[in-house]
Amino acid sequence: MKMDRIFQFEAEVARQFALERYDILDTAEEYRFDHITTVAKLALDVPMVAISLLDGKRQWFKSKIGFEALEVPRDNTFCNHAIGQYCSMIIEDATLDPQFMGHPSVTGIPFLRSYIGVPLTTPDGHNIGTLAALDIVPRQFGHSKVELMEQLAELVIHELELRQQTAKDRLTGALTRSGFSLAVQKVISLYDRQKVKSTLVLFDVNLYKMVAYHSGRLSGNTLLRKIAQSLISRLPSPSCVGRMGGTQFAVLLTDTTQAEAQNLAEDLLQRTEFKNAGLFLDIGFSEISPAIGICDDWLKQANIDLNIVKESDRHGFCLKSRPRSVGKD
């Protein structure tokens with residue numbers, strides 16, 4: 001019995017790690033997933049469909065139709081039982097099912113009767129959630145409907161894998177603008193719920209000056225890659241770096257005030273690998289505020305500070321020759 005509990009604990013830790021690898025929790029709605037739930041609803045003619053992810057003690061909905069909840073406690077949910085098996089879980093009439101006949105969602109609102117839940121199984125074999133369809137009337141799900149749901153569940157995993165791959169910039173290893181935006185939305189959600197302050201750091205690289213400084217020995221792409229990879233390796237977790245396009249990068253510092261972010265930036269840029277890089281940067285900072293609703297709001301605010309920096313010639317860095325100077329020569 002003790003070994004069984006140890007095995008279950010280790011299996012759950014591995015499953016949770018597989019889920020977190022996708023960096024999907026608490027992100028905003030995305031068409032690629034909403035399209036799948038819409039297809040499932042139309043094909044099965046049911047009032048409720050959801051893509052659920054089982055995270056710790058909660059069941060969080062990436063996409064949903066027919067109800068408003070963003071998440072529910074995980075214990076004793078239909079989907080929590082469904083991820084315990086590697087085939088579709090089908091309930092034709094919950095009032096006749098010994099396991100669920102007394103469930104609060106069966107005896108009370110929304111008075112569920114039928115359910116089909118297909119585990120979302122990662123390529124390495126972990127069930128991280130379900131694609132589920134629910135109805136308030138008893139019904140049978142024919143073979144063709146079950147097969148369709150299973151194919152759509154495979155499509156959910158495919159989209160998660162594709163989303164993970166396209167979130168990284170191939171040249172620098174930083175997040176793409178879209179990948180970075182998803183990370184930012186999670187922090188905005190955290191601020192809305194718990195008022196956790198975070199700071200966005202935006203910086204432009206003067207690539208012309210850097211290439212000239214290195215006498216053309218290093219290409220612009222090589223320099224951008226070195227800067228991004230150094231930042232990624234040095235920043236404290238769970239910070240992230242995104243390439244906003246061209247030579248502009250953004251750093252998201254979670255649970256960090258603007259003053260703390262400025263100190264961290266100065267300390268980081270004094271490190272040997274940065275001091276010897278001949279960096280020419282303009283840097284702007286923006287702490288999260290109630291006025292920020294989406295990632296673009298925050299980027300616009302950081303760009304305002306960045307433009308002020310460029311105009312006033314303060315806080316840029318040419319660390320080889322002027323450790324405390326910023327921007328232009």
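The dialogue below goes through some features of a predicted model.

Q: Which residues of helix 2 are buried?

A: A residue counts as buried when its relative accessible area is under 20%, and as exposed when it is over 50%. In helix 2, the buried residues are Phe33, Ile36, Thr37, Ala40 and Leu44. Looking down the helix axis, these buried residues fall within an arc of 90°, so they line one face of helix 2. Tyr31 and Leu42, on the other side of helix 2, are exposed.

Q: What covers the buried residues of helix 2?

A: The cover includes strand 1 (48–55), strand 2 (58–65), strand 5 (114–121) and strand 6 (127–135). Helix 5 (143–166) is also included.

Q: How many residues does helix 5 have, and which of them are buried?

A: Helix 5 has 24 residues and reaches 35 Å from its first C-alpha to its last, close to the 34 Å expected. Its buried residues are Val146, Met149, Leu152, Ala153, Val156, Ile157, Glu159, Leu160 and Arg163. Those residues pack against several elements, including helix 2, strand 4 (89–91) and helix 6 (177–194).

Q: What is Leu152 in contact with?

A: Contact here is counted between heavy atoms within 4.5 Å. Leu152 lies in helix 5 and is buried, with a relative accessible area of 8%. Setting aside neighbours within four places in sequence, Leu152 is in contact with Ile36, Val39, Ala40 and Leu131. Val39 and Leu152 are 113 residues apart along the chain, yet their C-alpha atoms are separated by 8.6 Å.

Q: What volume does the largest pocket have, and which residues lie nearest its centre?

A: The largest pocket has a volume of about 850 Å³. Its lining has 30 residues, and Asp23, Ala183, Lys186, Pro238 and Cys240 lie nearest the centre. Helix 5, helix 6 and strand 8 (240–245) each give two or more residues to that lining. Helix 6 gives the most, with 7 residues. By type, the lining residues divide into 16 nonpolar, 6 polar and 8 charged.

Q: Where is there a cis peptide bond?

A: The angle to read is omega. A cis peptide bond joins Ile109 and Pro110, with omega about 10°. Pro110 is in the loop between helix 4 (104–107) and strand 5.

Q: Where is Lys195, and is it buried or exposed?

A: Lys195 sits in the loop between helix 6 and strand 7 (199–205). Lys195 is exposed, with a relative accessible area of 52%.

Q: What is the phi of Asp255, and where does this residue lie?

A: Asp255 is not a glycine, but its phi is positive, about 55°. Asp255 lies in the loop between strand 9 (248–253) and helix 9 (258–269). With a relative accessible area of 57%, Asp255 is exposed.

Notes
Residues are numbered from 1 along each chain as its sequence is written. This is a predicted model: local features need pLDDT of at least 70, side-chain atom pairs count only at pLDDT 80 or more; totals for chains, interfaces and linings use all residues. Side-chain values use heavy atoms; hydrogens and water are left out. Buried means under 20% relative accessible area, exposed over 50%, partly exposed in between (1.4 Å probe, protein chains only). Helices (H or I, at least four residues) and strands (E, at least two) are DSSP runs, numbered from the N terminus. The arc is that of the directions from the helix axis to the C-beta atoms. The expected span of a helix is 1.5 Å times one less than its number of residues. On a 1 Å grid over the protein atoms alone, a cavity is a set of points where a 1.4 Å probe fits but cannot get out, and a pocket is an open set with protein on both sides within 12 Å along at least five of seven lines; lining residues have an atom within 4 Å of a point. Grid points are joined across faces, edges and corners, and a volume is the space filled by probe spheres set on the points. Ala, Val, Leu, Ile, Met, Phe, Trp, Tyr, Cys and Pro count as nonpolar, Asp, Glu, Lys and Arg as charged, and the others, Gly among them, as polar.
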